Amino acid sequence: MPFSKLVKNSTYFSRYQVKYRRRREGKTDYFARRRLVTQDKTKYNAPKYRLVVRFSNKNVTCQIIYARIQGDFVLCAATSRELERYGIKHGLTNWTAAYATGLLVARRTLKKLGLDDKFVGQTEPTGEIVLTGEVDEHRPFKCFLDVGLTRTTTGNRVFGAMKGASDGGLFIPHSEKRFPGYDPESKTLDAEVLKKYIYGGHVAEYMESLEEEDDERFKKQFARYLEDDIGSEDIEEMYTNAYAAIREDPTFKATEKSQDWKAESVKHRSVRLTHEQRKTKVQEKIAAFRAGQAAGDD
């Protein structure tokens, strides 16, 4: 096939259409978003909810979001930074922290909707896949996992957040194929492996192996754990107590501020002048300039 050069003339540019801004920035997968947002016409204006899971260097953020013409609206949200209130002060971005954050946003959403007593989810997770079903002919709160641009590899942390939200009482359609412990050859899930991840067993194992192999590196990497007297044998109990505390009180509580930051910001902000004040200021400058000229002539 001969080489054909693309001629970019005025006709080409007059027909050229730029992609959406967030696609140009590489932030949104519109192929996936279209399917997550589009609602069936038979459901009229009912919102289609998404469990949006995002990771930063220090936090896990889980949000229940629905889309409207005006934009996306957040029904409920939770971050792993809130887990400190429940006893999880370290490792706020690992698989187990993602599970705890998903559990927190699920319980908080159901409490906001008045469904927390009816849909309790899995109070004692065993690692088996159990989807939330109807209770007394009442259908559960349904949402779909939104992973964004995350690669959906087996064992990824986004599925930890999804598992936590599912065990928390939300109905999120999913299978067992992407959880830790799934064997693609036998096509079965080892529930014990998944349960180990839920209770932070993989962290405890790593702590033990690192302590045996390189004690100096262990003390450096887990220095904050050791400051709080948290060893490998305390990990499971810490997460078990945290899950119970989340179920007991999932409501959001704002942290106490060290000072009034609003007043602090207002103090350094320049106040907008009115029209009369601006005119007066100009006249003052003119008067000062003329006074300076007169003093120079003298």
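A pocket, as the word is used on this tour, is an open set of grid points with protein on both sides within 12 Å along at least five of seven lines. Keep that in mind as you move around this predicted model.

**Stop 1: colour by confidence.** The protein has an average pLDDT of 93, and 99% of the residues score at least 70. Select strand β1, residues 50–55: among the elements, β1 has the highest mean pLDDT, 98. Now jump to helix α11, residues 261–267, where the mean is the lowest, at 85.

**Stop 2: the largest pocket.** This pocket holds about 560 Å³ of space. To find its centre, select Leu 36, Arg 54, Asp 146, Val 147 and Gly 148, the closest to that point of the 23 lining residues. Next, show the elements that each supply at least two lining residues: α3 (30–37), β1, β3 (71–79), β4 (144–146) and α5 (157–167). Which of them gives the largest share of the lining? Helix α3 does, with four residues. Colour the lining by class and you will see eleven nonpolar, four polar and eight charged residues.

**Stop 3: the cavity.** Searching the whole structure for cavities of 30 Å³ or more turns up one. The largest cavity has a volume of about 40 Å³.

Note on methods. Residues numbered from 1 in each chain as written. Predicted model: local features only at pLDDT ≥ 70, side-chain atom pairs only at ≥ 80, totals over all residues. Heavy atoms only, no water. 1 Å grid on protein atoms, 1.4 Å probe; cavity = no way out; pocket = protein on both sides within 12 Å on 5 of 7 lines; lining within 4 Å. Points joined across faces, edges and corners; volume = space filled by probe spheres on them. pLDDT = per-residue confidence, 0-100. Nonpolar A, V, L, I, M, F, W, Y, C, P; charged D, E, K, R; others polar.
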